[in-house]
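Here's a quick report that starts from a single side chain and then works out to the sheet around it. Have a look at the structure first.

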Amino acid sequence: SDYSHLSSTSSELSVEEAQDPFLVSVHIIADPGESQPLQEAIDKVLAWIHPDLPLFRVSERRACRRRRKPPKDAQPALAVVLFLQEEYGEEQILQLHRTLQQPPWRHHHTERVHGRFLPYLPCSQDFFTLAPGTPLWAIRPVHYGKEIVRFTVYCRHDNYADSLRFYELILRRSPSQKKADFCIFPIFSNLDVDIQFSLKRLPCDQSPVPTDSSVLEFRVRDIGELVPLLPNPCSPISEGRWQTEDHDGNKILLQVLGGHLSKQLALPQTL
């Protein structure tokens, strides 16, 4: 496995599980020699939300891998959406948009807007990516409330209901918002920022493509009770980490919690 060599961090949820900012994180696996520029690019973008929010860890695979060219209209299964406060002015959003237009970032696609709705800014429907097999990234204005980091998994149309149950089981919570084609799970919230996890149901004629160079990691307890309930095989890949797949074939890492929350990953309630 590309993920078996990743270091394991001994950590435990906060007193209230809903207040662990690192309940969900993302591992990105880069080709040899490419991890540092990718990590720096991600850190620079996340600094617009908070300067110390290590939700993404980039490591390197042992050797470059050959890639199959994805279908022309392929929809990567994982996206990261950053919501920036509108009150700071549109220049901030446009400046971040310019950052995402510079290497190693690249434009992936622009989402079509149906009906008479017009986006707040022309750039607010653009999606970017860092490298093949990594998540999509997008920025959106927040008209009120806090800034948000949202992880979104795109689900095959027929698997949406099963995926919802799967992630409810992993996260040990129900969504705070739920529609026929979209739901949001609260992960962490303080005075400045919300971290969210969401599922988006794709139309019948679209299929999500797993991001084979990135993987979601969830902190879990009671792995022995969880494994029999999962729809696909789940096996240990290192001390403290197990690997499984969701209904659409997305690889999932489960970090088994124990000990105390690592100080270097602890995010204060007041930021």
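## A buried glutamate

Let's start with Glu217, which counts as buried because its relative accessibility is 2%, under the 20% cut-off. Keep in mind that this is a predicted model.

So what does the side chain of Glu217 make polar contacts with? One partner is the side chain of His27, at 2.9 Å. Another is the side chain of Arg241, at 2.5 Å. Leaving out residues up to four places away in sequence, Glu217 touches Leu23, Val24, Ser25, His27, Arg57, Arg241, Leu253 and Gln255.

## The sheet around it

Glu217 sits in strand β13, which covers residues 214–220. That strand belongs to an open, mixed sheet of six strands, ordered β2-β1-β13-β16-β15-β14. The edges are β2 (56–60) and β14 (235–238); each has a single partner strand, so one side of each lacks a neighbour in the sheet. On average, neighbouring strands are turned by 35° against each other, ignoring direction.

Ala30 has Glu60 in β2 as its bridge partner.

## Helices on the sheet

Helix α1 (residues 35–46) packs on the sheet and touches β1 and β2, with its direction at about 170° to that of β2. Helix α3 (residues 160–171) also packs on the sheet, touching β1, β13, β15 (241–245) and β16 (251–256). The direction of α3 makes about 50° with that of β13, the strand that holds Glu217.

Definitions and conventions: Residues numbered from 1 in each chain as written. Predicted model: local features only at pLDDT ≥ 70, side-chain atom pairs only at ≥ 80, totals over all residues. Heavy atoms only, no water. Helix = DSSP H or I, 4+ residues; strand = E, 2+ residues; numbered from the N terminus. Buried < 20%, exposed > 50% of the residue type's maximum accessible area, 1.4 Å probe, protein only. Polar contact = N/O pair within 3.5 Å; in protein donor to acceptor, adjacent residues only side chain to side chain. Contact = heavy atoms within 4.5 Å. Pairing = 2+ DSSP bridges. Axes fitted to C-alpha atoms, helices over the stretch in contact; angles between N-to-C directions.
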